Amino acid sequence: MKVAGSLIVITAASLLGAVAAKDMDAQYEEMRYISQLLMMLQSEIRYSRSFLSEAFLQLSKTARPPYDAWLRQMYHRMERKSSGSFETVWKKTMDEYLGSLKLPARIRERISLLGKYLGGADIQLQIQQIQLVNEEIQQEMKLMWEGLTAKKKLCRCLGVMGGIFLAVLLI
């Protein structure tokens, strides 16, 4: 009975370590995808000379969930023009649709602040702000990538070792 319980504890702790490692991969992937979306938004603004609401609608057609719903909602709220300032709409919809994403807090805050600069009349300022945020995301991704393999291995090892330690304590 003790052996079976110990195996269950070790397996559960090992799975926790594997889930933590998978969360790191998911966080990196979300940062990569949002960087792509920002580049596409920048292209829509720069080359298509689309209004921001139209750019959101175009992007929503190719974006994956939950980004597609977020972009569609941005389009609808901008078209209604009754939801307040662009910055307010940006922050509300971002929290509403992208709140559950595994993004680092610093990146989430920076993307949230982007709403302050979008929606203005100056296209160049919008493009520069998108580029700046995208560069910050790229830098964060680079830093994350450098230690990602070691951190994932550490999570898995800590899961297994923690499970063994807990099993020994319980025996």
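**View 1. Helix α1 gives the most to the lining of the largest cavity, with four residues.** The model is predicted, so local features need pLDDT of at least 70 and side-chain atom pairs count only at pLDDT 80 or more, while totals for chains, interfaces and linings use all residues. Residues are numbered from 1 along each chain as its sequence is written, and side-chain values use heavy atoms, without hydrogens and water. Helices are DSSP runs (H or I, at least four residues), numbered from the N terminus.

**View 2. One cavity of 30 Å³ or more is present.** About 80 Å³ of space lies in the largest cavity. A cavity is a set of points on a 1 Å grid over the protein atoms alone where a 1.4 Å probe fits but cannot get out; lining residues have an atom within 4 Å of a point. The volume is the space filled by probe spheres set on the points, which are joined across faces, edges and corners.

**View 3. Ile34, Leu37, Leu38, Leu41, Phe56, Leu59, Trp70, Leu71, Trp90 and Ile111 line the largest cavity.** Two or more of the lining residues come from each of α1 (2–46), α2 (52–62) and α3 (67–80). The lining has 10 nonpolar, no polar and no charged residues. Nonpolar means Ala, Val, Leu, Ile, Met, Phe, Trp, Tyr, Cys and Pro; charged means Asp, Glu, Lys and Arg; the others, Gly among them, are polar.

**View 4. Helices α5 (residues 105–114) and α6 (residues 123–170) have axes that come within 10 Å and cross at roughly 175°.** Axes are lines fitted to C-alpha atoms over the stretch in contact, with angles from 0 to 180 degrees between N-to-C directions. The two helices, α5 and α6, are therefore roughly antiparallel (over 145 degrees).

**View 5. In α5, Arg106, Ile107, Arg110, Ile111 and Leu114 meet Gln129, Ile130, Leu132, Val133, Glu136, Ile137 and Glu140 of α6.** Contact means heavy atoms within 4.5 Å. Seven nonpolar, one polar and four charged residues make up the contact of α5 with α6.

Note on methods. On a 1 Å grid over the protein atoms alone, a cavity is a set of points where a 1.4 Å probe fits but cannot get out, and a pocket is an open set with protein on both sides within 12 Å along at least five of seven lines; lining residues have an atom within 4 Å of a point. Angles under 35 degrees count as roughly parallel, over 145 as roughly antiparallel, 65 to 115 as roughly perpendicular and the rest as oblique.
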